[in-house]
Amino acid sequence: MEQKINCAEACVNGCVLGDKCPNIEFREAAAKFIEETPLEKMLELAQERLRKKITEPLKWVFPEDP
């Protein structure tokens, strides 16, 4: 039986499943991105995303009726 966990809560200080992690390909891709991308480029990407977020229209979220 495969162990189900909430990675956002359980893995705050690092992956608790190790090699059994269902998100291992994402972890490897993130590590590669961090290794190969200069800090200036990361900051540029973050600033561009923030600019887009600020300029996009507001989205209203309505809870579903019971």
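How many salt bridges does the structure hold? It holds two. A salt bridge here is a side-chain nitrogen of Lys or Arg within 4 Å of a carboxyl oxygen of Asp or Glu.

## About the model

This is a predicted model, where local features need pLDDT of at least 70, side-chain atom pairs count only at pLDDT 80 or more, and totals for chains, interfaces and linings use all residues. Residues are numbered from 1 along each chain as its sequence is written, and side-chain values use heavy atoms, with hydrogens and water left out.

Helix α3 covers residues 39-55. Helices are DSSP runs (H or I, at least four residues), numbered from the N terminus. Side chains of opposite charge can pair when their charged atoms come close.

K41 is partly exposed at 37% relative accessibility. E44 is partly exposed too, at 47%. Partly exposed means between the two limits: buried is under 20% relative accessible area and exposed is over 50% (1.4 Å probe, protein chains only).

E48 and R51 also form a salt bridge, at 2.6 Å from N to O. They too sit in helix α3, three residues apart, about one turn of the helix. E48 has a relative accessible area of 33%. R51 has 44%. E48 counts as partly exposed, and so does R51.

## Surface patches

Patches are made of residues with over 30% relative accessible area and no salt bridge; like charges are joined within 9 Å, and nonpolar side chains (Val, Leu, Ile, Met, Phe, Trp, Tyr) within 5 Å. Accessible areas come from the Shrake-Rupley method with a 1.4 Å probe.

R49, K52, K53 and K59 form a positive patch. Lys and Arg count as positive. The place of a charge is NZ of Lys or CZ of Arg. K53 lies in helix α3.

F33, I34 and L45 make a nonpolar patch of about 290 Å². L45 is in helix α3. L45 is partly exposed, at 39% relative accessible area.

## T37 in the loop

T37 lies in the loop between α2 (24-36) and α3. Is T37 buried or exposed? T37 is buried, because its relative accessible area is 15%. The side chain of T37 reaches the backbone oxygen of F33 at 2.7 Å. F33 is also one of the residues in the nonpolar patch.

T37 and C21 are 16 residues apart in sequence. In space, they are 25 Å apart, C-alpha to C-alpha.

Key
Helices (H or I, at least four residues) and strands (E, at least two) are DSSP runs, numbered from the N terminus. A polar contact is a pair of N or O atoms within 3.5 Å; within protein, one must be able to donate a hydrogen and the other to accept it, and residues adjacent in sequence count only if both atoms are side-chain atoms.
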